[in-house]
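Reader: I'd like to learn how to read a few features of a protein model. Could we work through them together, one at a time?

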Amino acid sequence: MIGIQLERVQNRIRQAAQACGRSPEAVRLVAVSKTVGAERVQSAIQAGAGILGENYIQEAQGKFNQLYNEKVEWHFIGHLQSKKSKYAVRMFDLIHSVDSLKLATTLNKEAAKLDKVQEILIQVNLSGETTKSGVSAKEVLPLLEAAAGLDNIRIQGLMTMPPFFDDPDRARPFFEALADLRDHLGLNPTANAHLTELSMGMTGDFEVAIAAGATLVRIGTAIFGERQYKVDQ
Ligand SMILES: *Cc1c(COP(=O)(O)O)cnc(C)c1O
């Protein structure tokens with residue numbers, strides 16, 4: 001079941017990329033496994049999921065410990081409190097949701113202890129919804145500049161989560177705005193060249209996000225089905 005759904009999603013990603021003249025390899029799928037138990041996550045890995053996306057540190061730790069032998073990337077996509085940075089840098093290859101200098105600084109410090117360079121994205125709140133994390137568009141450049149001296153983090157790009165719309169076309173301006181922001185940040189060209197990743201697009205709107213330039217799409221429901229808000233160990 002998970003294998004079939006995963007394959008369908010992978011096909012849709014490929015078709016969406018081809019439809020706008022992009023290489024399918026330019027778009028990576030993050031299988032969002034929040035609330036999904038380790039056994040079903042393992043089925044997804046066996047079926048070819050190469051990247052897992054988790055939202056909660058404690059929940060991720062359980063699965064990480066059970067699945068540490070699996071060849072898979074772990075990405076953190078939820079809201080991260082600075083005080084949990086220590087655990088985050090141990091587990092995650094990429095943290096999509098950095099939204100303050102304080103968090104970037106703490107991640108840098110904890111990564112240094114592990115002799116690791118932690119890859120991160122800056123989460124941008126383009127809708128101004130107060131329920132969503134992220135810095136505003138105009139805060140991105142100052143945050144990038146302030147974080148530039150932190151040697152144990154590497155900022156790879158931007159992430160956003162538009163408001164929920166029934167019609168995915170209404171999310172399009174938000175995806176285009178994130179791509180546009182990345183393209184016109186005003187960093188010097190070498191610094192800008194590192195911002196290769198755009199993490200945007202979920203089950204309801206990932207095809208639209210791919211057309212706007214997404215390099216990472218974060219998809220849960222279309223792979224694992226509707227979430228039950230209780231971890232189904
Ligand atoms: C849960 C979640 C997703 C996946 O959402 P689906 O609609 O199930 O695909 C993507 N991104 C973030 C940040 C999430 O919290």
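Reader: Let's begin with Lys113: does Lys113 count as buried or exposed?

Author: Happy to start there, and please keep in mind that this is a predicted model. The general idea is a cut-off on relative accessible area: under 20% is buried and over 50% is exposed. Lys113 has a relative accessibility of 59%, so Lys113 counts as exposed. Glu110, at 11%, counts as buried.

Reader: What joins the side chains of Lys113 and Glu110?

Author: They meet in a salt bridge, with 3.2 Å from N to O. For the geometry behind such a pair, recall that an α-helix has 3.6 residues a turn, so residues three or four places apart point the same way. In our case Lys113 and Glu110 are 3 residues apart in helix α5, which spans residues 101-113, and about one helical turn separates them.

Reader: Which residues of α5 are buried, and what do they pack against?

Author: The buried residues are Leu103, Ala104, Thr106, Leu107, Asn108, Glu110 and Ala111. They pack against helix α4 (85-91) and against β4, β5 (118-124) and β6 (153-160).

Reader: Since β4 has come up, where does Leu94 lie?

Author: Leu94 is in strand β4, residues 94-98. Leu94 is buried, with a relative accessible area of 4%. To read its surroundings, set aside the neighbours within four places in sequence; the contacts of Leu94 are then Trp74, His75, Phe76, Gln118, Glu119, Ile120, Leu121, Gln156 and Leu216. Take Leu121 from that list: 27 residues along the chain from Leu94, yet the two C-alpha atoms are separated by 7.5 Å.

Reader: Back to charged pairs. How many salt bridges does the structure hold?

Author: There are 10 salt bridges. One of them links Glu197 and Arg28, whose closest N and O atoms are 3.2 Å apart. Glu197 lies in strand β7 (residues 197-199) and Arg28 in strand β1 (residues 28-32), so this pair ties together parts that are 169 residues apart in sequence. Glu197 is buried at 14% relative accessible area, while Arg28 is partly exposed at 29%.

Reader: And what about Asp183 and Arg182?

Author: Those two also form a salt bridge, with the closest N and O atoms 2.8 Å apart. Asp183 is partly exposed at 43% relative accessibility, and Arg182 is buried at 17%.

Reader: Finally, the ligand. Which residues surround the ligand?

Author: Begin with the list of surrounding residues, then look for polar atom pairs. The ligand is surrounded by Val32, Lys34, Asn55, Ile77, Met161, Met202, Thr203, Arg218, Ile219, Gly220, Thr221 and Arg227. A polar side-chain atom of Asn55 is 2.8 Å from a ligand oxygen. For Thr221, the distance from a polar side-chain atom to a ligand oxygen is 2.5 Å. In Arg227, a side-chain N or O atom lies 2.7 Å from an oxygen atom of the ligand.

Reader: How much of the ligand does the protein bury?

Author: The ligand taken alone exposes 390 Å², and the protein buries 91% of that.

Definitions and conventions
Residues numbered from 1 in each chain as written. Predicted model: local features only at pLDDT ≥ 70, side-chain atom pairs only at ≥ 80, totals over all residues. Heavy atoms only, no water. Helix = DSSP H or I, 4+ residues; strand = E, 2+ residues; numbered from the N terminus. Buried < 20%, exposed > 50% of the residue type's maximum accessible area, 1.4 Å probe, protein only. Contact = heavy atoms within 4.5 Å. Salt bridge = Lys/Arg side-chain N within 4 Å of Asp/Glu carboxyl O. Near = heavy atom within 4 Å. Polar contact = N/O pair within 3.5 Å; in protein donor to acceptor, adjacent residues only side chain to side chain. Areas by Shrake-Rupley, 256 points an atom, 1.4 Å probe, with all protein chains shown as cover.
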